[in-house]
Amino acid sequence: MQKLEKIIQQFTLRLAQIGQLALVLVMLVIVANILMRAWWVPLKGSYELVEILGAILLSLGVAHCAAHRGHVAVSFLVDKMAPRKRAVIDMITTLFFAVIMSYVTWGMIEYAGKMYNRGYATTSLNIPLFPVYYLVSFGLILLFVVIVMQLLQAILAIFKGGEYQ
C-alpha cells in the first residue's frame, strides 16, 4: 500500500508542477496585458488564456492537494477520538466524497465529449475547448484515485487498528 501511495504522490506532484507552470504563464499573460494597455493595445485573447490556464492549474493541482491532505478540514472534535473511531468517521466522509466525485467526474467526461462533438472553441483565439475539458476530467479521475486510496487506508486502519492520521 505504501508503494502505491508513493507512486500516486509522485505522479500528482509532477502534474502539480505542470499546474505551477500554468500559474506562471497566467501571471505573464496578465503582466503582458497590463504593459500592452499602456500603448492602448491590449493583449488579444488574454481573458481566454487566463481561463484556460486557470482550468489547467486547478485540475492538475487538486489531486496533489488531496494526496497531502492539504484541504481545509474542521476536525477539532474528531482529533480527540481514538484512532479507530477517527478512521470510521474518515471512512464515511471519504466514501461520501468518492461517490460525489464519481458523478462529477463522469459528468465532466460526458461534457468534454459534447464539446468535442459540437466543436466549441474560444471566441478571440479560436482555441478548441474540448482538450481543456478532457484535461479537467483527467485531473478529476486522479483526484478520485487519491480519494479511493485514502478510503482504503481508513478501512485498513479500522480492521488492523494501530495509529491513524
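**View 1. Helix H1 passes helix H2 in a left-handed crossing.** A crossing is left-handed if the near helix is turned anticlockwise from the far one by less than a right angle. In this predicted model, local features need pLDDT of at least 70 and side-chain atom pairs count only at pLDDT 80 or more, whereas totals for chains, interfaces and linings use all residues. Residues are numbered from 1 along each chain as its sequence is written, and side-chain values use heavy atoms, without hydrogens and water. H1 (residues 2–37) and H2 (residues 46–67) pack at about 155°, with axes 8 Å apart. The two helices are therefore roughly antiparallel (an angle over 145 degrees). Their contact comprises 18 nonpolar, nine polar and no charged residues.

**View 2. Tryptophan 40 occupies the loop between H1 and H2.** Its phi is positive, near 65°, in a residue other than glycine. Tryptophan 40 is exposed, with a relative accessible area of 78% (exposed means over 50%, buried under 20%, partly exposed in between, with a 1.4 Å probe and protein chains only).

**View 3. Proline 83 lies in helix H3 (residues 83–118).** Proline 83 is partly exposed, at 27% relative accessibility. Its C-alpha atom is separated by 55 Å from that of lysine 44, 39 residues apart along the chain.

**View 4. Asparagine 126 is located in the loop between H3 and H4.** Asparagine 126 is exposed, with a relative accessible area of 56%, and has a positive phi near 55°.

**View 5. Glycine 161 follows helix H4.** The phi of glycine 161 is positive, near 75°. H4 (residues 130–160) has 31 residues and reaches 45 Å from its first C-alpha to its last, close to the expected 45 Å (1.5 Å times one less than the number of residues).

Key: Axes are lines fitted to C-alpha atoms, for helices over the stretch in contact, and angles run from 0 to 180 degrees between N-to-C directions. Helices (H or I, at least four residues) and strands (E, at least two) are DSSP runs, numbered from the N terminus. Angles under 35 degrees count as roughly parallel, over 145 as roughly antiparallel, 65 to 115 as roughly perpendicular and the rest as oblique. Ala, Val, Leu, Ile, Met, Phe, Trp, Tyr, Cys and Pro count as nonpolar, Asp, Glu, Lys and Arg as charged, and the others, Gly among them, as polar.
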